[in-house]
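Here is the note on the strand arrangement that you asked me to look over. Please read the points alongside the structure shown below.

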Amino acid sequence: MNNSNEQYIGKQLIDNLFNHNGVFVLPAMTLLSSEHIRLITQHRIILQPHDVIQLDSEAFYQLAVDDCTEAMENIFEQFRYTKSKRLPMLELRNEVIPFIQQVSEKNDFFGILAALQSKDDYTYRHNVAVGILSTLLGKWLKLSPEDLGMLTIAATLHDIGKIMIPAEILTKPGPLNEEEFAIMKKHTTLGYEMIRDTVGTSHMQALVALQHHERMDGSGYPFGVLGHRITDFSKIVAVTDIFHAMTSDRYYRSAAPLYEVLKQMEDNSFGKLDPYICSVFINKLMQSMIGNDALLTDGQIGKIIMILAHDPLRPLVNIGEDFIDLSKHRTLGIVRVLPQ
């Protein structure tokens, strides 16, 4: 049987779907994953263009991220109630990973970022966000497809150990006290053990759960190891984890503006984060702001024209007839980048 159904992955069903015997297969408005397509094909249904709608990018990101977030929540919940300490990898591979990869293929950073903005489900949405952002960053770092696939799963599972942390600590509306923070820190070692004990995962993926809070200068946790002991996957996830945390509204503080976050990350890349991985990330994000207006420290508005590789946060801007290279004019800087 030909698999012409494949082309409909990522599109949305318009109506309830029934097979030729009138058996109900899928509800209306389902965002079709590869797993759904397998099911439809098993029922010997061949989809037609009029069965689906092609969502515009923004709606697709929003729906895909919401679906993934919900799937992550179900995976977490399911795990809480079954006492087997094995992760449901099948659900993850079928219901979450394909959408994370699809969204990452779009390379439309701002559209994606908007969808990742946390509603009130930060704990779950954060896993999806770090999965997507790490996949993008892995691509920008030119990882092989095989490594990229491993990284996507590792990044999506990086916080899985939080399943074992009491909810009142996870959702506490203010900063944690010392005792609570000590408990929270355990999500790294717990996550490591959970992934290690699950069939179908790799040691590298378990190490990401363990090491994503380790820092280059040894100031991280759980072991305070130095940079050369931290795996590359863990360094990538450390960058996207911090980025998403800082650009999200959390239970106890609001999101910082994007440019502000990148500036702080650049400062952090001296000592805390891997400087090369961090610079590739900042560079790519700044590239996606070309054409946006930026408010400058002297109150003027300039258009971002070109990002300079050696100093991505101080681009070439255009004000009226003038072109100003902020990497040379050190007294002038960007306060924030204005959305288009």
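1. Strands here are DSSP runs of E with at least two residues, numbered from the N terminus, and two of them are said to pair if DSSP finds at least two bridges between them. This is a predicted model, in which local features need pLDDT of at least 70, side-chain atom pairs count only at pLDDT 80 or more, and totals for chains, interfaces and linings use all residues. Residues are numbered from 1 along each chain as its sequence is written, and side-chain values use heavy atoms, with hydrogens and water left out.

2. Strand 5 (residues 293-296) pairs with strand 6 (residues 301-306) in the antiparallel sense, over three bridges. The two form a hairpin with four residues between them, and G299 in that turn has a positive phi of about 90°.

3. Strand 5 also pairs in the antiparallel sense with strand 9 (residues 334-337), again over three bridges. A294 has G302 as its bridge partner in strand 6, while in strand 9 its bridge partner is V337.

4. Strand 7 (residues 316-319) is joined to strand 8 by four bridges in an antiparallel pairing, in which V317 stands opposite I324 of strand 8.

5. Taken together, five strands make up an open sheet in the order 8-7-6-5-9, with antiparallel pairing. Strand 8 (322-325) and strand 9 each have a single partner strand and stand at the edges, so one side of each is left without a neighbour in the sheet. From one strand to the next the twist averages 40°, with axes taken as lines fitted to C-alpha atoms and angles running from 0 to 180 degrees between N-to-C directions.
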